[in-house]
Amino acid sequence: MIPARPVWLKLSVPFFQHKGGLKMESWDESSLAQFDGRDGKPAYIAYKGRVYDVTDSKLWHGGLHMKRHQAGSDLTDSLSAAPHDNEVLSRYPQVGPYQPRDVSSLPPGLERFLERFPIARRHPHPVAVHFPLVFLLSVFIFDMLYILTGRLSFYETALYCLYAGLLTMPTAMMTGFFSWWVNYQAQAMKPIVRKIQLSFLVLILSTGILFWRNQTADLLEPFRIESLFYLILVLSLWPLLIALGFIGGSLVFPHGRSKRTGGGMKQNEETASL
C-alpha cells in the first residue's frame, strides 16, 4: 500500500514509492523543484535526462552542494563542468526520467557547441570580468601613491589602468549578456538587472573620468578643490565595482545557507565528489 503523500508534495504525474523516496513515470521542472532538500524535503537532481536521489549524501545537506548547486533542478550543464567525473552519480538511486517542458531557445549550432564544451556556458564571464574590476580599482590606488610620493610614474600608471579598464569592460559586459542569455534565457532577474544597471553606470563614470584626465595636464599637482572632486569621482568607482563583484559572486556561489556547528563552519567531507 502506498503511503499518503506528504503535505508539501502536490504532483500531477503518476508516482510510486521506492526505498528512500518517490519514483515517478516522468519528471519535469515543476515536479523536480518540489524536491529541493529544504525543510526536510528529499533532495533530487536531474542530470542528462535522469533524476537522482541525493538525499542521503552529506554533501547535499539542506539541498545545497558546495554552496553552489541547488537540488530540485537540472544540473546537467553545471555537473558537466565540475572537477569530478560523472560516475559519482552511479552511487545514488535513479528515481525516473527527466523530460523538461521548456525547449531551448538557443540556436542548434550553439547548443551543440555548449554540449561539447560546457565550460563555455558559464566560465567566460567570470574570467573576463576580473580585468576591468582590477584595473578600475587600481586607479585610485596609483593616484594616492602619486600624491604621497610625488612620482609621476604612479600618476601615469593610474591613467593606463583607466584605459585598460575601459578597454576590457566591453568584453566583460558582452560575455555577461551571453551568460545571461544561455543560462537564464535572458529573464529579467533582479540581481542580473542590477548588475546591468551598475555596469553601465561604471562605464559612464569611467568614461567621464578619462575625458577629464585627458583635458587637464595634472589634476593632482598642485592639490586643489578640482583635485578633491576628481578623487571623489575615482573613489566612487569602488562601491560600484564591489557591488558588481558581490552580486556576480552571489549568483555563482549562493551565500547565507551554510550551517554552523561546534562554533565553526561545518566543512564538506570531500570537495571532489557528490
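1. In which helix is Ser 179 found? The answer is helix α6, which covers residues 152-184. Please keep in mind as you read on that this is a predicted model.

2. Is Ser 179 buried or exposed? Its relative accessible area is 14%, and the cut-off for buried is under 20%, so Ser 179 counts as buried. Leaving aside neighbours within four places in sequence, Ser 179 is in contact with Arg 121, His 125 and Tyr 184.

3. Next, have a look at a pair of helices. Helix α7 (residues 190-215) packs with helix α9 (residues 237-252) at an angle of about 150 degrees, and their axes are 10 Å apart. Angles over 145 degrees count as roughly antiparallel, and α7 and α9 are therefore roughly antiparallel to each other. Their crossing is left-handed.

4. Which residues meet where α7 and α9 pack? From α7 they include Pro 191, Leu 198, Val 202 and Ile 209, and from α9 they include Leu 237, Ala 243, Ile 247 and Gly 248. Sorted by class, this contact has 14 nonpolar, 3 polar and 2 charged residues.

5. Now for the strands. In strand β3 (residues 44-47), Tyr 44 and Ala 46 point one way while Ile 45 and Tyr 47 point the other way, and all are buried.

6. Strand β3 is joined by 4 bridges to strand β4 (residues 50-53), and the two run antiparallel. Across this pairing, Tyr 47 stands opposite Arg 50 in β4. The hairpin of β3 and β4 has 2 residues between the strands, and Lys 48 there takes a positive phi near 50 degrees.

Notes:
Residues are numbered from 1 along each chain as its sequence is written. This is a predicted model: local features need pLDDT of at least 70, side-chain atom pairs count only at pLDDT 80 or more; totals for chains, interfaces and linings use all residues. Side-chain values use heavy atoms; hydrogens and water are left out. Axes are lines fitted to C-alpha atoms, for helices over the stretch in contact, and angles run from 0 to 180 degrees between N-to-C directions. Angles under 35 degrees count as roughly parallel, over 145 as roughly antiparallel, 65 to 115 as roughly perpendicular and the rest as oblique. A crossing is left-handed if the near helix is turned anticlockwise from the far one by less than a right angle, and right-handed if clockwise. Contact means heavy atoms within 4.5 Å. Ala, Val, Leu, Ile, Met, Phe, Trp, Tyr, Cys and Pro count as nonpolar, Asp, Glu, Lys and Arg as charged, and the others, Gly among them, as polar. Buried means under 20% relative accessible area, exposed over 50%, partly exposed in between (1.4 Å probe, protein chains only). Two strands pair if DSSP finds at least two bridges between them.
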